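Hi,

Here is the model I promised to pass on.

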Amino acid sequence: MTKLPGATDSAASFQFDGEDHTLGNALRFMIMKNPEVELCGYSIPHPSEAKMNLRIQTYEGTTAYDALEKGFDDLVDLCDVVTMKFTDARNDFASAMDTQ
């Protein structure tokens with residue numbers, strides 16, 4: 001991850017190498033759920049380059065970097081919940097199939 005030039009505390013752009021829409025859309029969604037974030041968007045500069053740019057603008061009281069970190073933490077928490085629910089459902093299904 002690289003912080004792109006022109007960043008301030010409340011507005012910054014970041015570039016992620018080797019990432020695409022998969023991370024971009026999920027991370028943008030989680031960051032926008034934060035009420036301290038005014039704007040968050042991502043773009044893929046060119047389809048032949050494996051780079052994703054993310055822009056975050058926050059209201060006063062938090063920084064763009066803090067919003068990014070919270071977005072990653074929230075996304076990891078969400079993935080943990082999805083993994084747990086999937087594992088539980090798979091185990092329940094396997095148990096039901098064993099009793100037949």
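**The aromatic pair**

The rings belong to Phe 16 and Phe 72: their centres are 6.0 Å apart and their planes sit at 70°, so the pair is edge-to-face (planes over 60 degrees apart; under 30 would be stacked, and the rest tilted). It ties together distant parts of the chain, with Phe 16 in strand E2 (residues 11-17) and Phe 72 in helix H2 (residues 64-98), 56 residues apart. Helices (H or I, at least four residues) and strands (E, at least two) are DSSP runs, numbered from the N terminus.

Before going on, the ground rules: this is a predicted model, where local features need pLDDT of at least 70 and side-chain atom pairs count only at pLDDT 80 or more, while totals for chains, interfaces and linings use all residues. Residues are numbered from 1 along each chain as its sequence is written, and side-chain values use heavy atoms, with hydrogens and water left out.

Beyond residues up to four places away in sequence, Phe 16 touches Met 1, Leu 27, Ala 50, Lys 51, Met 52, Leu 54, Leu 68 and Phe 72 (contact means heavy atoms within 4.5 Å).

Phe 16 is also among the residues with the most contacts inside the largest nonpolar core, which has 16 residues (a core is a set of buried Ala, Val, Leu, Ile, Met, Phe, Trp, Tyr and Cys residues joined through side-chain atoms within 4.5 Å). Two or more residues of this core come from each of E2, H1, strand E3 (37-43), strand E4 (51-58) and H2.

**H1 against H2**

The axes of H1 and H2 come within 8 Å and cross at roughly 105° (lines fitted to C-alpha atoms over the stretch in contact, with angles from 0 to 180 degrees between N-to-C directions). The two helices are therefore roughly perpendicular (65 to 115 degrees). On the H1 side, the residues that meet H2 include Leu 27 and Ile 31; Leu 68 and Phe 72 are among their H2 counterparts.

His 21 lies in H1 (residues 21-32) and is partly exposed at 48%.

Cheers

Terms used
Buried < 20%, exposed > 50% of the residue type's maximum accessible area, 1.4 Å probe, protein only. Phe/Tyr/Trp six-rings, centres within 6.5 Å; stacked < 30°, edge-to-face > 60°. Parallel < 35°, antiparallel > 145°, perpendicular 65-115°, else oblique.
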